[in-house]
Structure formats: structure tokens, C-alpha cells
Amino acid sequence: MLTLEKFEEAAEKVKEVTLNTNLVYSEFFSAQTGNKVYLKPENMQYTGAYKVRGAYYKISTLSEEEREKGLITASAGNHAQGVAYAAKIYGIKATVVMPTTTPLMKVNRTKNYGADVVLYGDVYDEACAYAMELAGENGYTFVHPFDDLDVATGQGSIAMEIIKELPTVDYILVPVGGGGLATGVSALAKLLNPNIKVIGVEPAEANCLQQSIKAGEVVTLPSANTIADGTAVKTPGKLLFPYLKENLDDVITIADDELIGVFLDMVENHKMVVENSGLLSVAALKHLGVTGKKIVSILSGGNMDVITMSSVVRLGLIERGRVFTVSVLLPDKPGELVRVAQVIADNQGNVIKLDHNQFVSTNRNAAVELRVTMEAFGHEHKQQIVKALEDHGFRPKLVKTSF
């Protein structure tokens, strides 16, 4: 059972390994939604995510015999680091099975905390099955990343901190992968104040909890294909499912495209790097359909590798019309490039890349192609630049680009 006594015990225990992640009031998201929006920045934890809470509390409940056997777990990254770090503090050997698709940064950080890392499977579920197999073969103590009531109790310490800091909170938005965080937060929130609404948020392509609630039983998705890799789970926790059904007020799903824009908003307005899974609870703000409420969005983690980050930034700039490419056909004679550049400059476009292709036609005098990638202030400004080029007779065509 998830009891208030256990939650209080866990909240005190995790203080030994967690940093203070005081709520951050967001003027930007508050203005966007008509609510008072606060962010719970668990991306600022020492391990880069909330997962250390559940891992550390779980290990504290194990017997000496269970610890001496060594620990094993499976994770897409954040739980891996939480277990590795907690095991290091306790002086315990830890093995972590991670999907082969796990970003290199998460793999290396897990190793740096002292754990042995095994890469297996394309998604978490496959890695988890292999970890359980290894546990049976070697006698390791398996620490489940979410489907464990002690782990969920440790994660619930977040709700204790939120409600102590903001007793009048109306909504708490929680990212959902397997459901450990959502279980702990929703159960404790309802114990402390049944009027608080707790909303789970899943990727649209990995909505295993939403589908399970709809079916009335735990179901397994055929795939979990999402950029929110930390929540790419095909099956929610079986032990947790009854608690999730009882305590969550709703489950919202978010398309990957929405996360890309929210990443830009978070970096530009709050100067914080939050991984795609952690942004689910922020993207959900626009889907609540309420105003005048006090809402806390839990930023569950910030472990995003630089390559993924650069890709998300590029896509976000393109989607918002802040970077775009046009193609124009020009006669191959001096001065044409200058004419195009002048029109762009007169309309405050900023050129960042040029590609001049003389071989687009066998008749160079008839046409050469000029592709211009430039910065704009958004879609309206982008259309202004395109129209100006049209007005000067250049017949621009928008080109898809990743710049």
C-alpha cells in the first residue's frame, strides 16, 4: 500500500541525495495559458532527473543480503543514472541494461557513476526483459524503474515538496512513461488534498497508459516510437495500474512536433535544457482548457545529448518560420545575386547560407539556381520576404531544408 507514513519516510530519506528544486514561476507560460504556471525543475537534480529519488529510497528498503547480491536494472537513461549514483553511495555493485538507441551521453554518465552498462534491444521493454533474465542467471537484485511501490513512493516525494511550497496548487502535470512518477505524485497529492487534480501526460505514439485505461486493463502497444525517449514505454506498470486508474484525473497525449516548439520556448524564456520527456507536462498546458488556476508542470529530466539538442533546435526554428530556404532561378550574369541579396536585406532577412548551382539547366544563360537559407522573425516576416522577392520578379519557391 502507498501510505502517508511511507511517503513521509521517503521524503526525508531522499533529502540525502537530492538538490532543492524550488518551484519556478513562469511568466511566459502563464501569459500563454491564462493560468499561474509553476515549473518543478527536476532537470536540475545532480543526476539530471527525478529518478534518483525512487532508486535511492528503494535501495534503502533492501536487506543487506539483497544489496550484497548486486543490483541490476533496465532504463532508457534517467533511472540508470539514479540507480548507478545511489548504488555508488551505498557501495553496491550495479549493472544497467539500456536500449541500444540510448543517447551516448546517458550511457557514459551511467558508466561514470560506476555501473556496468549492457546495451540490448531497441526499446526499454526489450532491455527490461533481458535485465530480468540476467538477474535470474546471476542472482542480482532487480530494481524496477517504475513498477515497484517503493520506487513510486520515492518519486512521490516530489508531490510533498510541491504542496509544501504551493499549498493552493490546483493542477499537477506529470510526464508518464511506465507510471512510477505519476503513481507516487498522484497518490500522495490525493492523500494530502483530494481536490488537487493530477494529470498524466504521454507521448501520442507511446500512450500505453491511456490505452490501458480505455481497455480497463494493462495493454502492450505494438511500438513506442517517439522523440521523448525517456517515456518510450510500451507497457505501463502492472502493480501501478490500479493506483493510476484511481488517482489520475485524466491522461493527455502530446505529439512529437509540439515538444520541438516547447523546447525552444524553455531555452529562450527560462534558459533551461529540458529533455523531450520532461517537456510533456509543459506542452500539456495548452490542452487543459482551464484559466485562473495554479498549475505545476514537473520537468522530469534534462539529460539530452548535444546531437539531439541541435536537431530539435533546427527543426523548431524551421517549424516556426524563423529559418527557411527559398530557391530562385536567375540569368547567369553579373549583378543578379546582389539584386536578390538587396531585396532580402531591405526586408530585414538575415542570410545564413547560399548555394549557387550553375548546372540546374543546360542553358546557363536561361537560368542558374540560387538557394538562400535565411533567418526571419516568424511566419509573417517569412511571407513578407517571399512576397518582396515575388514583387521583384524572382518567382521564389520555398524549399524544405534542415539547414
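Student: Before the sheets, what does it take for two strands to pair here?
Tutor: Two strands pair if DSSP finds at least two bridges between them. The model is a predicted one.

Student: OK. What is the strand order in the open sheet of 6 strands?
Tutor: The order is β1-β2-β10-β7-β8-β9, and the pairing is mixed.

Student: Which strands are at the edges?
Tutor: β1 (24–26) and β9 (250–254), each of which pairs on one side only. On average, neighbouring strands of this sheet are turned by 30 degrees against each other, ignoring direction.

Student: Are β7 and β8 parallel or antiparallel?
Tutor: Parallel, with 5 bridges between β7 (residues 171–175) and β8 (residues 197–203). Within that pairing, Pro175 stands opposite Val201 in β8.

Student: Which strands does helix α10 touch?
Tutor: Helix α10 (residues 180–192) packs on the sheet and touches β7, β8 and β10 (294–299). The direction of α10 makes about 165 degrees with that of β7.

Student: And where does α11 lie?
Tutor: Helix α11 (residues 208–215) lies across β8 and β9, and runs at about 135 degrees to β9.

Student: Now the core. Which residues touch the most other members of the largest nonpolar core?
Tutor: Ile172, Val174, Val185 and Ile298, in a core of 47 residues.

Student: What is Ile172 in contact with, leaving aside neighbours within four places in sequence?
Tutor: Its partners are Ile162, Val185, Ala189, Ile196, Lys197, Val198, Ile199, Val296 and Ile298. Another core, of 29 residues, lies apart from the largest one, and its members include Leu259, Ile260, Leu285 and Met304.

Student: Switching to the open sheet of 4 strands: what is its order?
Tutor: β12-β13-β11-β14, with antiparallel pairing. Its edge strands are β12 (350–357) and β14 (397–399), each pairing on one side only.

Student: How many bridges join β11 to β13?
Tutor: There are 8, between residues 323–330 of β11 and residues 368–375 of β13, and the two strands run antiparallel. Val328 stands opposite Leu370 in β13.

Student: Which helices go with this sheet?
Tutor: Helix α16 (residues 336–346) lies across β11, β12 and β13, at about 25 degrees to β13. Helix α17 (residues 379–391) packs on the sheet and touches β11, β13 and β14. The direction of α17 makes about 5 degrees with that of β11.

Student: New topic. How many aromatic pairs are there in the whole structure?
Tutor: The search finds 8. One of the pairs is Tyr124 with Phe146, which is tilted, at 5.5 Å centre to centre and 55 degrees between the planes.

Student: Which parts does that pair tie together?
Tutor: Tyr124 lies in helix α7 (residues 124–138) and Phe146 in the loop between β6 (141–142) and α8 (149–155), so the pair ties together parts that are 22 residues apart in sequence.

Student: Are Tyr124 and Phe146 buried or exposed?
Tutor: Both Tyr124 and Phe146 are buried. Elsewhere, ring pairs link Tyr46, Tyr85 and Tyr113 into a cluster.

Student: What is the relative accessibility of each?
Tutor: Cys128 is at 7%, so Cys128 counts as buried. Cys208 is buried too, with a relative accessible area of 0%.

Note on methods:
Residues are numbered from 1 along each chain as its sequence is written. This is a predicted model: local features need pLDDT of at least 70, side-chain atom pairs count only at pLDDT 80 or more; totals for chains, interfaces and linings use all residues. Side-chain values use heavy atoms; hydrogens and water are left out. Contact means heavy atoms within 4.5 Å. Axes are lines fitted to C-alpha atoms, for helices over the stretch in contact, and angles run from 0 to 180 degrees between N-to-C directions. Rings of Phe, Tyr and Trp (its six-membered ring) pair if their centres lie within 6.5 Å; planes under 30 degrees apart count as stacked, over 60 as edge-to-face and the rest as tilted. Buried means under 20% relative accessible area, exposed over 50%, partly exposed in between (1.4 Å probe, protein chains only). A nonpolar core is a set of buried Ala, Val, Leu, Ile, Met, Phe, Trp, Tyr and Cys residues joined through side-chain atoms within 4.5 Å.
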